[in-house]
Amino acid sequence: MVTNNDIGEANYDSSFTKRPNSNNANWSLNTEGSHPYRVLPPFGSLASSGQWAKYERLHWGFYASNKKQRPFRCVRRIDSKTKTVIQECPQCLVIDARFEEGRNYRETLIHQKKSQDEIKLLMEKYSTWNRRFNTEKRYFMNVLRPDGQIGRLKISKEAFMDLRAEVDKLRRSLEHTNPVGRDDGVWFDFHRTGMHIDDTKVKVTPVYETVNMNGRPAKVLKDGKLTPEIMERMKTEMFDLGVYYRDLSRDEIQRLADAPDDSEVVDSIFGAPVTPAPSDPNVNEFKEMAAENESEVETIDPNSDEELALVAKLEELRRIKKDVKSTVDPKVFFEHYKANK
Ligand SMILES: [Zn+2]
């Protein structure tokens with residue numbers, strides 16, 4: 001049972017350090033232009049610490065037997081002062097070695113005076129591998145959209161730093177002391193320009209609106225007040241960011257790194273998948289699909305009232321259609337016409 005106490009207050013003093021309960025909306029800034037969001041307060045396992053955004057370094061590229069990816073958290077730790085690795089991550093070592101190999105190969109090709117097009121073609125196996133075994137570094141937050149939907153927003157480190165700066169600016173200016181707060185948060189616009197890695201920029205600004213104040217127009221921060229209805233929905237629709245992705249042991253990561261194409265190893269570490277592979281002829285486990293975290297597919301419980309009502313309606317439509325069809329059957333119509341002539 002989730003209570004009000006599971007929705008925490010933002011703590012601006014703690015530096016962010018760092019679990020799944022939802023298959024709701026996942027959003028990113030995937031188009032150019034404005035993306036206004038109301039960042040929501042910390043939730044679930046992060047409520048008590050006040051952490052309202054979660055930074056993740058995720059390893060991708062490992063497939064369960066149902067062909068779904070199983071991402072996990074990178075365990076490489078680096079001393080920020082000395083820039084030395086204090087804890088190693090087996091998958092990072094594989095990626096580093098592959099990167100080095102690719103770089104050497106490219107140099108050899110350049111040395112052999114290959115053309116740019118030839119190099120691109122010959123390097124394709126490396127770029128394909130890199131895309132599959134991508135290490136994703138992103139900040140995740142629970143947000144409210146202007147259309148009232150609650151979901152999980154994923155942004156780059158740069159965009160998060162910009163948001164953080166705007167949050168701090170508002171707090172310093174005393175214009176708004178609790179921009180991500182439960183009771184009186186504000187809206188931020190994440191404005192994206194550019195669609196490529198090298199030209200993408202996100203500028204975060206608080207959203208203002210013009211209101212009538214004693215007969216005169218006044219520019220004020222757009223009200224991010226969370227209504228009791230939204231607060232109630234937050235309890236079931238927000239993501240528990242602290243536990244969303246899996247923490248694996250170094251031994252487990254080593255086993256994956258040693259056998260990247262073996263889905264049996266993936267299943268043995270992550271647990272047998274509850275959803276079947278898309279090619280599986282027995283794909284009929286709606287309930288189990290809904291239970292899986294990574295699923296972003298909307299599912300209908302075949303025994304729900306909604307589904308039963310739909311089935312009843314469909315039967316009704318079929319019956320009517322059958323009746324209509326029989327009345328317009330030309331033969332019947334002709335017999336009818338003849339008899340009544
Ligand atoms: Zn790693």
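1. A nonpolar core here is a set of buried Ala, Val, Leu, Ile, Met, Phe, Trp, Tyr and Cys residues joined through C-beta atoms within 7 Å. Buried means that 20 or more other C-beta atoms lie within 10 Å of a residue's own; exposed means 12 or fewer, partly exposed is in between, and C-beta atoms are placed from the backbone.

2. A quick word on the model: it is predicted, so local features need pLDDT of at least 70 and side-chain atom pairs count only at pLDDT 80 or more, while totals for chains, interfaces and linings use all residues. Numbering runs from 1 along each chain as its sequence is written.

3. On to the largest nonpolar core, which has 38 residues; Tyr37, Val39, Met141, Val143 and Phe188 have the most contacts inside it. Several elements supply at least two residues each, including strand 2 (36-39), helix 4 (157-172) and strand 10 (188-193). Strand 7 gives the most, with 4 residues. Helices (H or I, at least four residues) and strands (E, at least two) are DSSP runs, numbered from the N terminus.

4. Val143's contacts (C-beta atoms within 7 Å, placed from the backbone), leaving aside neighbours within four places in sequence, are Tyr37, Arg38, Val39, Leu40, Gly151 and Leu153.

5. Strand 7 (residues 135-144) runs antiparallel to strand 3 (residues 54-59), joined by 6 bridges; strands pair if DSSP finds at least two. Tyr55 has Tyr139 as its bridge partner in strand 7.

6. Now for Glu136, also in strand 7. Why does Glu136 count as exposed? Because Glu136 has 12 other C-beta atoms within 10 Å. Beyond neighbours within four places in sequence, Glu136 is in contact with Leu58 and Trp60.

How values were computed:
Contact = placed C-beta atoms within 7 Å.
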